Amino acid sequence: MANLKTLRDRIKSIKATQKITGAMKMVAASRFRQNQDLLTKTTPYTQKFQSMIFPILADRQDLDSLPYLLTGNDGPHLVVIVTSNRGLCGGFNSAIIRRTLSVVPQFQDFKILNVGRKSRKSMEQNFKDYLISIPEEINSKIDEKQGKLAAAEEISGIIFELLEAKIIGAVTIVHSVFKNALVQKIVETPLVPFSCGSYESKDSYLFEPNQKELLPEILKQNLTMQIYQILLETAVCEQAARMTAMDSATRNARDMIKKLELNYNRTRQAQITKELIEVISGAEAFSS
């Protein structure tokens, strides 16, 4: 049975941990609300921006060739994995890594673009010869409050350069989608070629500049906005997962403290009882 000093030290240590996990939960909740508000404001803009492409594609007589972002190439398939830069968020990152490991075998020829520090080690172990590195500054910008758009622009620029150089032929991104504070879904979203479906324009449009100049630029901006939206979703999901994980850790610490305090009181009572028995036994022996 543990002595009283050991139990006191353990209780003190767990109480300190409980304060840390409780504070981390509050910080995660604050960042969750901030990122969720930004995501809510950005989503309508992203959807409206994407809809601007459809009228141009409905009338293609001015397009003698289509951009790479619309058609893709014959090169390897690029799989982009987006995780967080920090841990302590439960199984959030490991779920994305497992999904990526299950997606990659679908392609005979592929490349991996890793976004987020927490998946770097796993990707290097499994796909060292297929990995395309991004500058570390991009990962740093993702954690900044106003840096996600700049990071999305740099990532989309890297993808566009790879397409132009015919190093890759198509792009799929594996990321998390926010459902609610307790549920984050992992999905694969095709970025290149751009999926335009069977849209038919019901209105007549005038384009300035002409479609040939306008379409590539809009496709580039749309790629940036799609990646920006995904980075925001990832940030929201990360904070939601961390909030849940820290709440669970705080409750577990509270339960452990209760058990240790009960054990401490029992040990203390047993020690007092033992001392009383020794005193009584000594007194009886002395009196006899």
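Lys-25, Asp-247 and Arg-251 are linked in a network of salt bridges. A salt bridge here is a side-chain nitrogen of Lys or Arg within 4 Å of a carboxyl oxygen of Asp or Glu. By this rule the count comes to eleven salt bridges. This is a predicted model, in which local features need pLDDT of at least 70 and side-chain atom pairs count only at pLDDT 80 or more, while totals for chains, interfaces and linings use all residues. Residues are numbered from 1 along each chain as its sequence is written, and side-chain values use heavy atoms, with hydrogens and water left out.

**Salt bridges between separate elements**

- Arg-86 pairs with Asp-143, and their closest N and O atoms are 3.0 Å apart.
- This pair links distant parts of the chain, 57 residues apart: Arg-86 sits in the loop between strand 1 (77-82) and helix 4 (92-103), and Asp-143 in helix 6 (residues 136-143). Helices (H or I, at least four residues) and strands (E, at least two) are DSSP runs, numbered from the N terminus.
- Arg-86 is partly exposed, because its relative accessible area is 46%. Asp-143 is also partly exposed, at 31%. The cut-offs are under 20% relative accessible area for buried and over 50% for exposed, with partly exposed in between (1.4 Å probe, protein chains only).
- Arg-117 forms a salt bridge with Glu-136, with 2.4 Å between the closest N and O atoms.
- Here too distant parts of the chain are linked: Arg-117 is in the loop between strand 2 (110-115) and helix 5 (120-127), Glu-136 is in helix 6, and the two are 19 residues apart.
- Arg-117 has a relative accessible area of 30%, so it is partly exposed. Glu-136 has 31% and counts as partly exposed.
- Glu-154 and Lys-141 meet through their side chains in a salt bridge of 2.2 Å, N to O.
- Glu-154 lies in helix 7 (residues 148-164) and Lys-141 in helix 6, so this pair ties together parts that are 13 residues apart in sequence.
- Glu-154 is partly exposed at 29% relative accessible area. Lys-141 is partly exposed at 24%.

**Aromatic pairs**

- Four aromatic pairs are counted. Rings of Phe, Tyr and Trp (its six-membered ring) pair if their centres lie within 6.5 Å; planes under 30 degrees apart count as stacked, over 60 as edge-to-face and the rest as tilted.
- Phe-32 and Phe-178 form a tilted pair, 5.6 Å centre to centre with 55 degrees between the planes.
- That pair links distant parts of the chain, with Phe-32 in helix 1 and Phe-178 in strand 4 (residues 170-180), 146 residues apart.
- Phe-32 is buried, because its relative accessible area is 9%. Phe-178 is buried at 18%.
- Tyr-45 and Phe-49 have ring centres 6.1 Å apart and planes at 40 degrees, so this pair is tilted.
- Tyr-45 and Phe-49 are four residues apart in helix 1, so about one helical turn separates them.
- Tyr-45 is partly exposed at 47% relative accessibility, whereas Phe-49 is buried at 11%.
- Phe-110, Phe-127 and Tyr-130 are linked into a cluster by ring pairs.

- Thr-43 belongs to helix 1 (residues 4-51). Its relative accessibility is 22%, so Thr-43 counts as partly exposed.
- The side chains of Thr-43 and Gln-229 are joined by a polar contact of 2.8 Å. A polar contact is a pair of N or O atoms within 3.5 Å; within protein, one must be able to donate a hydrogen and the other to accept it, and residues adjacent in sequence count only if both atoms are side-chain atoms.
- Thr-43 and Met-225 are 182 residues apart in sequence, yet 9.5 Å apart in space, C-alpha to C-alpha.
- Thr-42 is also in helix 1. Thr-42 is buried, with a relative accessible area of 8%.
- Not counting residues up to four places away in sequence, Thr-42 touches Met-225, Tyr-228, Gln-229 and Leu-232. Contact means heavy atoms within 4.5 Å.
- Thr-250 lies in helix 8 and counts as buried at 13% relative accessibility.
- The side chains of Thr-250 and Thr-21 make a polar contact of 3.0 Å.
- Leaving aside neighbours within four places in sequence, Thr-250 is in contact with Gln-18, Thr-21 and Gly-22.
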